[in-house]
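Let's walk through this fold together, one region at a time. Please have the sequence and the model open side by side as you read.

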Amino acid sequence: MKISTAILLFFLAPVCLTAQASATSAEIETTDVESVALNMDEVRRAIGYPLDAANKGIQGQVVIRILVDTTGSVKDYKVLEEVHPILLKAVVAKVDLIKFSPAMVKGKLIPFW
């Protein structure tokens, strides 16, 4: 069994923008097949580094938890951490672009947070 969760951290800074999955002990699903974000490079490019943030020297991370449906699409999200509204707005505006491979339990596709 694999542990699967859809928590993504977006680090927004002038030099780089990365996203990574991160597991926490709260509300973790036990799955047979782990879900994977399929198009993070494309989403990172779409988010970019907001010009307003760059001009004001704002950088940091936005952490969101994503509800992924059985088709691998984003159904809902919760903001877990933000450093500035400009960065949050940039991530939230593009969160629906993220596509996942769906998680499975005993051969059945499942939605998960």
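**A walk through the fold**

With a relative accessibility of 37%, Val-33 is partly exposed (20% to 50% relative accessible area; buried is under 20% and exposed over 50%, with a 1.4 Å probe and protein chains only). You will find Val-33 in the loop between β4 (29-31) and β5. Helices and strands here are DSSP runs (H or I of at least four residues for helices, E of at least two for strands), numbered from the N terminus. Apart from neighbours within four places in sequence, Val-33 is in contact with Pro-102, Ala-103 and Met-104, where contact means heavy atoms within 4.5 Å. Val-33 and Gly-107 lie 74 residues apart in sequence, yet their C-alpha atoms are 8.4 Å apart in space.

A word on what you are looking at: this is a predicted model, in which local features need pLDDT of at least 70, side-chain atom pairs count only at pLDDT 80 or more, and totals for chains, interfaces and linings use all residues. Residues are numbered from 1 along each chain as its sequence is written, and side-chain values use heavy atoms, with hydrogens and water left out.

Now step back to the whole protein. It has three helices and ten strands, arranged along the sequence as β-β-β-β-β-α-α-β-β-α-β-β-β. Of its 113 residues, 38% are buried. Among contacts with a separation of 6 or more, 75% are between residues 24 or more positions apart. The accessible surface (Shrake-Rupley method, 1.4 Å probe) is about 6,300 Å², and carbon and sulfur atoms contribute 54% of that.

Is Asn-39 buried or exposed? Its relative accessible area is 12%, so Asn-39 counts as buried. Beyond its neighbours within four places in sequence, Asn-39 is in contact with Leu-97, Ile-98 and Lys-99. A polar atom of the Asn-39 side chain lies 2.9 Å from the backbone nitrogen of Lys-99.

Next comes α1, where Met-40, Val-43, Arg-44 and Ile-47 are buried. These four span an arc of only 100 degrees around the axis, which places them on the same side of α1; the arc is taken from the directions from the helix axis to the C-beta atoms. Just after α1, Gly-48 has a positive phi of about 60 degrees.

Where does strand β6 (residues 60-68) sit? Eight of its nine residues are buried, so β6 is largely enclosed by the rest of the structure. β6 runs antiparallel to β7 (residues 74-81), and six bridges join them (strands pair if DSSP finds at least two bridges between them). Ile-64, for instance, has Val-79 in β7 as its bridge partner. The two strands form a hairpin with five residues between them, and Gly-72 in the turn has a positive phi of about 90 degrees.

Gln-61, in β6, is buried at 18% relative accessibility. Its side chain makes a polar contact of 2.9 Å with the side chain of Glu-81 (a polar contact is a pair of N or O atoms within 3.5 Å; within protein, one must be able to donate a hydrogen and the other to accept it, and residues adjacent in sequence count only if both atoms are side-chain atoms). Lys-78, in β7, is partly exposed at 39%. Leaving out residues up to four places away in sequence, Lys-78 touches Val-63, Ile-64, Arg-65 and Trp-113.
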